[in-house]
Amino acid sequence: MWCLKLVFPLLLIINEVNCQWNVWLPREISAMTNSCVVIPCTFIYPSGIRPYRGVHGIWYFGQPYPQLFPPVVFKTRTDVVHESYKGRTELLGDLQQRNCTLLINNIGAEHSGKYYFRADLGGANMYTFPDYSELKVLDQPNIDVPEDIVSDNELELMCSAPDNCPSMTPQVQWMYTDYLPDPEFSSEYLANDNSAVLSSTLRFTPRPMHNGQLLGCRVYYPNTTLVYERLISLDIKYAPRSVWVNVSSEVMEGSSVMLHCEVDSNPPPRISWLFGENELLWDTASNLSLSLDDVTPTKEGIYTCVGDNGYGIMNTSMYLAVKYPPREPVVNESMTVQEGTTLALHCSTQGSPAPTLTWLKDGELVGTITADQLSVLEVVEITPQGDGQYRCLAENEHGRASSSFNITVEYAPVFLDESKCTVVREGVQCVCMASGNPEPTIEFYLPDLNITVNETDGQYNFFSHTDGHTTTGMIKLREKGERADNGPAVNVHCSVFNMYGRKSVQLELQQEKKYMMAVIVGTIGGVAVIAFIIAAVRYVGHNNKKENGNPRQDVVLENPALYYSAVKKDKQNLRKKVLKTELLGSKFNSILEETTGEDGDYQAVGSMAGMERQELNYASLEFIGGRSKKGASGKKEDGSNYREIKAK
C-alpha cells in the first residue's frame with residue numbers, strides 16, 4: 001500500500017479516508033548480544049476513529065494473539081511485562097504521533113524472535129497488527145562467503161556488524177591476513193529500512209595453497225568490553241594440481257601388485273584407473289588403489305590414473321613390467337635338404353627380461369648368442385657335416401627353455417680312406433667304404449676279367465653292410481695277384497652311387513712289409529718264451545736239490561707262486577722236453593703272426609705262407625703242485641717229486 005511508504009511527519013496530513021489499520025516496521029533487524037537495539041515503528045488507523053482517553057500501545061513477543069497470552073515486551077498503561085524484559089525495554093516513539101519505536105537494552109540470544117505491535121485507542125478500537133519485525137541477536141559478526149571460491153580468481157569477502165544501537169557504534173577489522181597475497185580492505189555503512197549495518201570488505205586472489213587457511217573478522221565496541229570474532233576456513237576450489245602414482249615397477253608372473261593413486265584437488269576428484277583405453281576402476285575420493293592379482297604378461301603395460309573434479313583434469317601414468325621365464329622357443333620343423341643348400345634357421349620366444357638365445361648342434365655351440373626374442377642362424381651351403389640335431393636354448397635370470405629339430409643332409413657318395421685291398425690266406429681281400437645320403441650302392445669291377453661284382457654275384461664272396469650313411473662292400477679273390485714291375489698285383493675298381501651321383505676308384509693293394517714284421521715279431525716272441533721256460537726249469541731243479549739235499553725226498557712248498565717240477569739230469573729226456581717247447585714256440589709264433597693282421601681271416605706271408613688252414617694244437621703247461629702225500633700216483637718208487645709238461 002502506498003501509505004506504508006510515507007515517512008512519519010507526512011502521516012499526519014494523509015487523507016484519513018483512504019487509510020486503514022496499518023503499521024510500518026523493519027521486517028528484519030539485528031543486534032549483537034549484550035548490546036541494544038532500536039526497532040523503528042510507525043502505525044496508522046482509520047480516520048473515523050476517535051481515540052478514547054488517548055492512544056496506548058502494547059508490544060508482544062512471538063505471536064499477535066492476546067487471547068493466547070503471548071509474552072508482553074512493553075505496555076504503556078502498566079509495568080506488567082514478561083520477566084525477561086523487565087528493565088530492558090523503553091518506548092522511544094510518541095504514540096499520539098503514531099510513532100511506536102521500541103528500544104531493548106542488554107539483549108540476549110533468548111530475545112531473538114518476532115515482535116508485534118498492538119494499538120489501543122480505547123473501547124473496542126484495539127488492533128494488533130499482523131506485520132512483525134524479526135530480531136536476530138548475533139554472538140559473532142557475519143561474513144559473506146561466495147558459494148564457490150575458485151583458485152586464481154579474485155575473491156571478495158565482506159564482514160558486517162549491525163549498527164542499530166544509538167549509544168554504541170561498532171568497529172570492524174580483519175584477522176590472519178598476513179599470509180594473503182596483496183590483500184585490499186575497504187569499509188562501508190549501509191542503511192536499509194531503518195536497519196543499519198557497518199561492513200568491511202577484503203579482496204585478494206587465492207591460490208591452492210590457501211585452501212584450508214583460517215581467516216577472521218573481529219567486531220568490538222569502543223569504551224566497552226564487548227568483542228565479537230568469527231573464524232572461517234577458506235574452501236578454495238582448484239583443479240587437480242598433482243597426481244601421484246607408484247613409480248614404474250617390476251613384478252614376477254603369478255604375483256600380486258597394488259597400484260596407488262593420490263590426487264591433490266578441491267573438491268575431491270573422480271579418480272579412474274585406465275589400462276590403455278579401458279577403465280578398470282573409479283571412485284570419487286582423494287586417493288584410489290587398484291589391486292592386480294595373479295599377474296600375467298598380458299597385464300604388462302601402461303597404467304594411467306586420471307583425476308577430474310569439474311575445475312580441471314590431470315593424469316599420470318606408470319609402466320608395470322611383468323617378469324617371467326622364457327617360453328618354449330618356436331623353431332623350424334625338421335627338414336631334409338641337399339648338400340649345398342643355404343638355410344635360415346629361426347628361433348623365437350618370449351621372456352622378460354629378453355632372453356639370450358643360443359644355437360647348439362649336437363650339443364656343441366654354433367653361431368652367436370643373441371639377447372633378443374628372435375634369432376636367425378644362417379647356414380651357408382650346408383655340407384654333410386651339417387647333418388644333425390639343432391637346438392635353440394632360451395635363458396634369462398628366471399629360467400630356461402629349449403626346442404630342437406633335425407636337419408638331414410643328402411649328398412653324393414664320398415669314398416673313405418679305409419677303401420683298399422689286402423693280402424689274406426685265401427688270396428686278396430678288397431674292401432670299399434663310402435659315405436652318402438641316401439646310402440650308396442657299391443659295385444666292384446675287375447677290368448682284367450671285365451666282370452662287375454655286386455650283391456647278385458656270389459662268386460667272389462661279395463658282402464655289403466650299411467651303418468647309418470656309410471656302406472661297406474667287400475670281396476675276396478681266391479688267388480693272389482702277382483706284383484708286376486710297373487703296377488699293382490691286383491686290378492680292382494670300386495664304384496659307388498646314389499641318386500645324387502656316381503664315383504669310381506681303383507683300390508690300392510696294401511704293402512706286405514707289415515706282415516713280414518708280424519712274422520719276425522712272432523718268431524722272436526716264441527724264442528723268448530722257450531728261453532724263459534728252460535731257465536725256470538733249471539732254477540727250480542737247482543733250488544730243490546740245494547734245499548732238500550736228496551732229490552728223492554718229498555717236496556713241500558709254503559705258498560709258492562707256481563710249482564715247478566724237478567728236471568731229470570738225463571740230457572736225452574731234457575732234449576725231448578726242449579723239442580716239445582720248440583713246437584709250442586712255433587705255434588705261439590703262428591698265433592702272434594695272425595693277430596697282427598687287420599682281418600682275423602688274414603694269412604701270414606713268408607715262410608709260413610704255404611701252410612694249409614688247420615686247427616691249432618695248443619701246448620699248455622700243466623703244473624701239478626701241492627704237498628706230496630704217501631701213496632700218491634705222482635710219486636715214483638724211489639720217492640722223488642715230479643712235474644710234467646703235457647701237450648693237450
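## Salt bridges

At 48% relative accessibility, Lys 86 counts as partly exposed, a class that lies between buried (under 20% relative accessible area) and exposed (over 50%), computed with a 1.4 Å probe and protein chains only. Its partner in a salt bridge is Glu 83, with N to O at 3.2 Å, and Glu 83 is exposed at 56% relative accessibility. A salt bridge here is a side-chain nitrogen of Lys or Arg within 4 Å of a carboxyl oxygen of Asp or Glu, and by this rule the count comes to twelve. The structure is a predicted model, in which local features need pLDDT of at least 70 and side-chain atom pairs count only at pLDDT 80 or more, while totals for chains, interfaces and linings use all residues. Residues are numbered from 1 along each chain as its sequence is written, and side-chain values use heavy atoms, with hydrogens and water left out.

Another of the salt bridges joins Glu 229 and Arg 218 at 2.8 Å, N to O, and this pair links distant parts of the chain, eleven residues apart, with Glu 229 in strand E19 (residues 227-233) and Arg 218 in strand E18. Strands (E, at least two residues) are DSSP runs numbered from the N terminus, as are helices (H or I, at least four). Glu 229 is partly exposed at 38%, and Arg 218 is likewise partly exposed, at 24%. The side chains of Asp 264 and Arg 241 also meet in a salt bridge, at 2.5 Å, N to O; because Asp 264 lies in strand E22 and Arg 241 in strand E20 (residues 236-245), the pair ties together parts that are 23 residues apart in sequence.

## Disulfides

The structure holds seven disulfides, each being a pair of cysteine sulfur atoms within 2.5 Å. One of them joins Cys 261 to Cys 305, S to S 1.8 Å, and links distant parts of the chain, with Cys 261 in strand E22 (residues 257-266) and Cys 305 in strand E26 (residues 301-308), 44 residues apart. The link of Cys 261 and Cys 305 is left-handed, with -75° about the S-S bond, and both of these cysteines are buried.

A further disulfide joins Cys 347 to Cys 392, S to S 1.9 Å; since Cys 347 lies in strand E30 (residues 343-348) and Cys 392 in strand E34 (residues 388-396), parts 45 residues apart in sequence are tied together. Cys 347 is buried at 0% relative accessible area, as is Cys 392 at 0%. Cys 421 and Cys 430 form a disulfide with sulfur atoms 2.1 Å apart, and because the torsion about their S-S bond is about 105°, this disulfide is right-handed.

## An open sheet

Four strands form an open, antiparallel sheet in the order E39-E38-E42-E43, where pairing requires that DSSP finds at least two bridges between two strands. Strand E39 (451-453) and strand E43 (501-507) stand at the edges with a single partner strand each, so one side of each is left without a neighbour in the sheet. Strand E38 (residues 441-446) pairs with E39 in the antiparallel sense over three bridges, and Leu 446 stands opposite Ile 451 in E39.
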